[in-house]
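Q: I am new to this structure and would like to learn how to read the surroundings of a ligand. Could you take me through them step by step?

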Amino acid sequence: MSEINQQGLPVTIIIGFLGSGKTTLLNQILQNDLDQKVAVLVNEFGDINIDGQLLVSYEDDMVELSNGCICCTINDGLVEAVKRILARKEKVDRLIIETTGVADPLPIILTFIGSDFRYFTRLDAVITLIDAETFTPEHFDSEVAFKQIAYGDILLLNKTDLANNEQLTALESYIASVKKNPRIIHTQYAQVPLPLILDVSLTNTDSFQEQHHHHHSHHLKTDGFMSLSFQSDKPFDVYKFQKFLNEGLPLEVFRAKGIVWFAGSQLRHIFQLCGQRNDIKSEPWSNTPVNQLVFIGRHLDADKLRQQLNNCLATSVTL
Ligand SMILES: Nc1nc2c(ncn2[C@@H]2O[C@H](COP(=O)(O)OP(=O)(O)OP(=O)(O)O)[C@@H](O)[C@H]2O)c(=O)[nH]1
């Protein structure tokens with residue numbers, strides 16, 4: 001084992017509800033932490049890895065991807081991925097895990113504390129992202145959203161540009177009712193000085209020892225989240241897609257993201273939707289154009305949504 005493994009590879013877990021800014025934070029870290037070799041583990045709820053494609057990639061960094069929800073269905077996948085990272089010959093300075101927006105943090109934390117990983121890794125901190133504009137406990141009505149606050153060692157109250165002072169104050173009081181002495185940092189686009197969140201040794205591992213391995217999460221069933229992935233090698237008609245967003249998108253969709261290809265456009269469009277807000281950024285394609293979208297929400301009518309998306313595809317007339 002390398003020197004770093006004997007000391008314990010520092011692990012940072014990034015959690016937070018759908019669309020709160022986890023990938024944005026990960027990109028901030030990858031862009032700024034240039035002297036270090038960072039292993040990144042991204043777990044997505046949908047079948048297509050969108051986040052992996054949106055990460056700034058550095059040749060030196062290692063990105064492992066997995067689908068499903070690490071906290072319940074593929075914990076073995078998480079264990080295997082961590083083992084692969086620990087077994088690598090090259091020096092790794094830290095491991096950062098980005099979980100899905102619907103992940104229960106506890107099983108992930110226990111994976112590091114309650115297994116042999118505790119001899120080779122050191123859980124440094126659990127960072128929770130909170131969307132200051134849309135987060136209300138009632139709105140999400142989600143056990144997971146509550147746990148994400150409760151288990152966060154550092155809470156980044158993100159998107160403060162979209163929230164007013166009353167919202168921020170109300171949110172802080174709610175957080176204080178869930179968690180004693182919370183460590184809250186206000187952020188925009190998850191910009192935070194890295195010394196405030198990395199190598200901070202904030203996770204109190206002793207407090208988790210009793211909960212050990214027998215914890216089993218039913219959160220997906222409880223919370224009723226589901227995802228729908230859509231992929232097509234035909235482009236969308238931009239007007240049809242816009243109409244779908246304005247008039248056809250079911251309210252049950254909380255979050256959508258993806259790579260979008262519009263007929264007549266030479267650009268790759270990055271589509272992001274959080275609650276009622278959506279935006280599309282454009283950049284050149286680096287691979288063959290394709291449409292890849294993931295929709296996450298509650299009680300979605302998958303067949304209907306898929307049909308709506310198929311209806312947005314450009315026909316030979318509009319191509
Ligand atoms: N206005 C505003 N937008 C933000 C901020 N932080 C992130 N965003 C945007 O919010 C959207 C979602 O951000 P992500 O970082 O992808 O969120 P996430 O938590 O990784 O999302 P999931 O993995 O789907 O749960 C993107 O369009 C971001 O650009 C912020 O502080 N202000």
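Q: How do the residues of the shell around the ligand divide into nonpolar, polar and charged?
A: Ala, Val, Leu, Ile, Met, Phe, Trp, Tyr, Cys and Pro count as nonpolar, Asp, Glu, Lys and Arg as charged, and the others, Gly among them, as polar. In this shell there are 5 nonpolar, 9 polar and 8 charged residues. The model is a predicted one, in which local features need pLDDT of at least 70 and side-chain atom pairs count only at pLDDT 80 or more, while totals for chains, interfaces and linings use all residues. Residues are numbered from 1 along each chain as its sequence is written, and side-chain values use heavy atoms, with hydrogens and water left out.

Q: Which residues are the closest to the ligand?
A: A residue is near a molecule if one of its heavy atoms lies within 4 Å of it. Here 22 residues surround the ligand, and the closest are Lys22, Thr24, Tyr189, Arg255 and Lys257.

Q: Which side-chain atoms lie 2.7 Å and 2.9 Å from the ligand?
A: For a polar contact, one looks for a pair of N or O atoms within 3.5 Å. An N or O atom in the side chain of Arg255 is 2.7 Å from an oxygen atom of the ligand, and one in the side chain of Asp161 is 2.9 Å from a ligand nitrogen atom.

Q: Which domains contribute to the shell?
A: Domain bounds come from an automatic or database domain assignment. At least three residues of the shell come from each of domain 1 (9-196) and domain 2 (225-312).

Conventions
Polar contact = N/O pair within 3.5 Å; in protein donor to acceptor, adjacent residues only side chain to side chain.
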